[in-house]
Amino acid sequence: MSTPKSSAHQNNNSVKSLPATDIVSTEQDSKNLPSEPSIEQLLEALAGQVPTQSAEIERLKTCKQDLQRLFQFLGDRRVLIAVMEPGTFALRYANAAFCHLAGCEGTSLATQSTNGLFAETEILLLELFEDGDGKTVQQLYRRHLLHWVLKHFYQIDLDGLRVLDEPVTASVKNSKHREAKFIEFWLGSEQLKITRIDSKIDEFADFSLRLMPVAEREAWLMQPNQLENLADRLQLDNYRVEGLLLLEGFDVTVQEQIRRLTQLLIDPDSMLRPDKFERIDRCLRSLFHADGTLLLRPDGDQVQILVAKDGEHLQPILYSMNSLETSHFLKATAANQVWNVPDLRRDCETECERTLRRMGTRSMLLVPLVVKSVTREGCGQRILGVVGLLCDRSNHFNGIDAQHAQELIPAFIAALRQAIQERFTHIHNIHPAVEWRFAQEAERRSWGLPPETIVFADVHPLYGISDIRGSSDERNRAIQTDLLEQFRLGLVIADAVCETQTTHLGEQLRLDLLDYIQRLKEKVTVDMEVRAAEYLKEHLEVYFDYFVQCGPRVQTAVEDYQSACKNEHNCVYSDRTRYDQMLNLISTKLQETWAGWQEQMQQILPHYCDIECTDGIDHMMYVGKSIDPKFSQFHLHSLRYEQLRAICDCGRAVFRLQAESQINMELTHLVLVQNTTIDIFHNENTEKMFDVKGTRDIRYELVKKRIEKAVDKDAQERITQPGMLTVVYSTEDEWEEYQQYLRYLSREGWVEPKVQTGTVESQQGVSGLKFARVRILPDPESVSTICEVTVVTD
């Protein structure tokens, strides 16, 4: 790309007018410019580079004086000003603020007010920035050029997209500063003159920009990254860009440091990890120009203080909480605001503060981290800790530092909460009803307190199960069918081999296959499934490479066998696939049904609920005041009744699948009643979320494991029957309550009115149980629909 310093640099024999606001579309248009000199040419004339008349020189002198006064005024301001050539970004002017930030003091940029307004320097803007930031500036420059190219060559106005108002934040290299400096700046490109060298080259011809409707074009331009993509299309070597670019901005080092420190605090890694804490320490010392940092952490009745000074981390120091009663630390937490200690020597009442003073600390800025703490009784306040900035000089911290520290409080609290969550990373999907208690314990542990077992005392258990009756038998039948089919295909291969040639080994293999088929017809077990597959692999399939050479008939038999076994299981798996599909369909339908009911039940009162899916679905609910303080007997009875209604709906869901001929399996449904409460605790040594606590509660767990296969003492049949709901209880009080619920279910049309009752035969460790059983009724609408379909079919 051609980027001459100015038009006068190209032709020193004449002065032509190049108005700053004119942007020329072609080389032909550039010949028709007015004759008044440009600012750049006038300044060159002042330097003796272009001959001109004395009257003109006087006018130019006055212009120069006005500009020098303007730049002198700007040089004393906080705003950063720099003027540079387009394309090369060679600096031609920079005010004092910019020179100081970029370390350009002592260069011609800083002394130009006496040596000429625009200096000839070799300083490039991009060399002052980090590499990544330099690329960002170049991309911004391209978007500016795109703005003017579209506006003057295509009459497309991008003002609504505010391309020229887009700022950039860049890191400035400066050897005089320990830490990087950051500036936020804008480019001023209004004074550029752009000429298209070859008017026939059109980078955007394939878009038909001029024909595109305005509304459609605006929406198209606003698409993500659209401007960047268009700017990348610009063929810069086909444009002559003349004039000067203006950079104006501000030093945003503090704001950028706060932003980056905030990002560091809230990223996923725990702030308590040594490597991350060191990075936080460096950022804090840089931002506040401090000599050290401090972290105070409550530890029960004690307080642990971690001090990092001059980049070194000292050993933690322990103090009793009582010893800090009059300290600045507790004053800061009591006031819950950033606390400035101007001179520690004048106000140093505790041993902790005297220790800091002996380390050389003279002033401190304390940032209290106080949060709401949720308990069963309600909300309170809890001190997470105190972050301190330390300085060896008195009166170091001021009101601006206090404001910056205040901005960081949310990020520090978020960082501590993230550290808290990492304490329980092995726990997934903590139920919302009990999450608050895990958060409490995680908070304690994040500060080094000894672990406390999470216990929920006196909760009411609500257990229920919907189980596929005879699922194991059904699975064995599917295994039997598939194995018989595979062995018969294998027998066809052996028969073909024996008919093709005389082979005694082949005859023995054939007899083995016949023997296996006979045994498979009699009985199949899961272990036989494995043994049979291994037998075929080791005694039949191993010979396939030879068998396919024994003739067309044998080859066809082998191909039929291999085709039937071509699946992820590498065996005949058609009946087992149908079984798995039915099992998955039932499980999915039960989960969906239960999830809908569980959402409604949580509205009654938050409670813990765990679901396990095997051959059906079983659920375990815990409800009580230790989980939610609003618990009452009405909530308990409401949840018990909703549990029964939910299980009945699960039964109906299965009836619909049966009616649609999607499954041929039947389900049984059971609810276990217990009026006495139990205690549950989170056992971190097992995968279970909760275990029962105490010998009194172990009986309940035993009953849960054995009750589904329990037998009626008199009838000697399973107490659970297909399509029926069984309620198991121990006491008359429990029966009276649930007898009422069964009456309600009947009145709602969920179950038949007839109730079957009996006694559960005693099992090891389980005795004295009784049961009541009712038949679940199909959904009336489903029954009506099925009847209609039957009538039409007939």
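## Close-up views of a predicted model

**View 1. Asp-343 is in contact with Arg-362 and Ser-394, when its neighbours within four places in sequence are left aside.** Contact here means heavy atoms within 4.5 Å. The model is a predicted one, in which local features need pLDDT of at least 70 and side-chain atom pairs count only at pLDDT 80 or more, whereas totals for chains, interfaces and linings use all residues. Residues are numbered from 1 along each chain as its sequence is written, and side-chain values use heavy atoms, with hydrogens and water left out. Asp-343 is found in the loop that lies between strand S12 (339-341) and helix H13 (351-358); helices (H or I, at least four residues) and strands (E, at least two) are DSSP runs, numbered from the N terminus. With a relative accessibility of 9%, Asp-343 counts as buried, a term that means under 20% relative accessible area, while exposed means over 50% and partly exposed lies in between (1.4 Å probe, protein chains only). The side chain of Asp-343 also reaches the backbone nitrogen of Arg-345, at 3.0 Å.

**View 2. Five strands form an open sheet with antiparallel pairing, in the order S2-S1-S7-S4-S3.** Strand S2 (91-94) and strand S3 (168-172) stand at the edges with a single partner strand each, so one side of each is left without a neighbour in the sheet. From one strand to the next, the twist averages 30°. Strand S1 (residues 80-84) pairs with strand S7 (residues 245-251) over 5 bridges in the antiparallel sense, where two strands are said to pair if DSSP finds at least two bridges between them. Within this pairing, Ile-81 stands opposite Glu-248 in S7. Two helices can be followed across the strands: helix H7 (residues 131-153) lies across S3, strand S4 (181-188) and S7, and runs at about 145° to S3, while helix H10 (residues 253-266) lies across S3, S4 and S7, and runs at about 115° to S4. Axes are lines fitted to C-alpha atoms, for helices over the stretch in contact, and angles run from 0 to 180 degrees between N-to-C directions.

**View 3. Strand S17 (residues 616-623) is largely enclosed by the rest of the structure, because 8 of its 8 residues are buried.** Both faces of S17 are covered, with Gly-616, Asp-618, Met-620 and Tyr-622 buried on one side and Ile-617, His-619, Met-621 and Val-623 buried on the other. Strand S15 (residues 455-469) is joined to S17 by 8 bridges and runs antiparallel to it, with His-460 standing opposite Val-623 in S17. Strand S16 (residues 608-614) likewise pairs with S17 in the antiparallel sense, over 7 bridges, and here Tyr-608 stands opposite Tyr-622. The hairpin from S16 to S17 passes through 1 residue.

**View 4. Strand S18 (residues 666-672) has 6 of its 7 residues buried, so it is largely enclosed by the rest of the structure.** S18 pairs with S15 in the antiparallel sense over 7 bridges, and with strand S21 (residues 724-729) in the parallel sense over 4 bridges.

**View 5. Helix H21 (residues 574-604) and helix H22 (residues 633-659) have axes that come within 9 Å and cross at roughly 155°.** That makes H21 roughly antiparallel to H22, given that angles under 35 degrees count as roughly parallel, over 145 as roughly antiparallel, 65 to 115 as roughly perpendicular and the rest as oblique. The residues of H21 that meet H22 include Leu-585, Trp-594, Trp-597 and Ile-604, and those on the H22 side include His-635, Leu-639, Ala-646 and Leu-657.

**View 6. Glu-761 occupies the loop between strand S22 (756-759) and strand S23 (770-775).** Glu-761 is partly exposed, with a relative accessible area of 32%. Apart from its neighbours within four places in sequence, Glu-761 is in contact with Val-711, Lys-713 and Gln-716. The side chains of Glu-761 and Gln-716 make a polar contact at 2.9 Å, that is, a pair of N or O atoms within 3.5 Å, of which, within protein, one must be able to donate a hydrogen and the other to accept it, and residues adjacent in sequence count only if both atoms are side-chain atoms. Glu-761 and Asp-712 are 49 residues apart in sequence, and their C-alpha atoms are 5.8 Å apart in space.
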